[in-house]
Amino acid sequence: MSKKEKSNDIEKEQLDAVQSEAVDVEEQVVEEQVAEEQTIEEKLQSELKQEKDKFLRLFAEFENYKRRTSKERIELFLTASEDVMKTLLPILDDFERALSHIDDDKEAEALRKGVLLIYNKLVSTLEQKGLKVIAVEKGEAFNADNHEAITQIPAPTADLKGKIIDVVEKGYKLGDKVIRFPKVVIGQ
């Protein structure tokens, strides 16, 4: 071979080597770009998942807040008159005591009818506003969650031990909330 051909071959080999290096470098750059795109895409996907999670949590928290405030609002409306009812309960008790004493006096029949009329009107008005009497019967078992014991006395019979002997003051509920527990005497 001649020098020219050898130099052409060498140049060709060098050119092929440079071209293959250039192709390799190009492929690496393309692979890096693809890898970067995947990592950017993966980063965006993870950020999207985080944002979705935040959104769902925030939405659930807001729904719970709406439900809780709605429930509190309803309870407020139902028990808004609780203070007024509590101040009227002693008046109701006084009416009941007056009626029990007027029943003994036969001469005050007209007075009894008038007081009874006013008492019934007051009771019906309070019932319309949600006030209910807690029914307690003599001989019923005493429950500290539902009754307030004022005192204990010796039970007249053995079967009345731990049971209600007398109701001193009626108990009342406003809606489902107890505003005054019944005051009772229990047998010992």
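Reader: Which residues of α2 are buried?
Author: Buried means under 20% relative accessible area, with over 50% exposed and partly exposed in between (1.4 Å probe, protein chains only). In α2, these are Glu 82, Met 85, Leu 89, Leu 92, Asp 93, Phe 95, Leu 99 and Ile 102. This is a predicted model, where local features need pLDDT of at least 70, side-chain atom pairs count only at pLDDT 80 or more, and totals for chains, interfaces and linings use all residues. Residues are numbered from 1 along each chain as its sequence is written, and side-chain values use heavy atoms, leaving out hydrogens and water.

Reader: What covers the buried residues of α2?
Author: Contact means heavy atoms within 4.5 Å. The cover includes α3 (109-128), β1 (131-134), β3 (164-169), β4 (171-174) and β5 (177-180). Helices (H or I, at least four residues) and strands (E, at least two) are DSSP runs, numbered from the N terminus.

Reader: Where does α2 have a kink?
Author: The bend at a residue is the angle between axes fitted to the seven residues ending there and the seven starting there. In α2 a kink of about 30° lies at Leu 88, shortly before the proline Pro 90.

Reader: How do I read an aromatic pair?
Author: Use the distance of the centres and the angle of the planes. Rings of Phe, Tyr and Trp (its six-membered ring) pair if their centres lie within 6.5 Å; planes under 30 degrees apart count as stacked, over 60 as edge-to-face and the rest as tilted. By this rule there are three aromatic pairs. One of them, Phe 55 with Phe 59, is stacked at 6.2 Å centre to centre and 25° between the planes. These two are four residues apart in helix α1 (residues 3-78), so about one helical turn separates them. Phe 55 is exposed at 52% relative accessible area, while Phe 59 is partly exposed at 45%.
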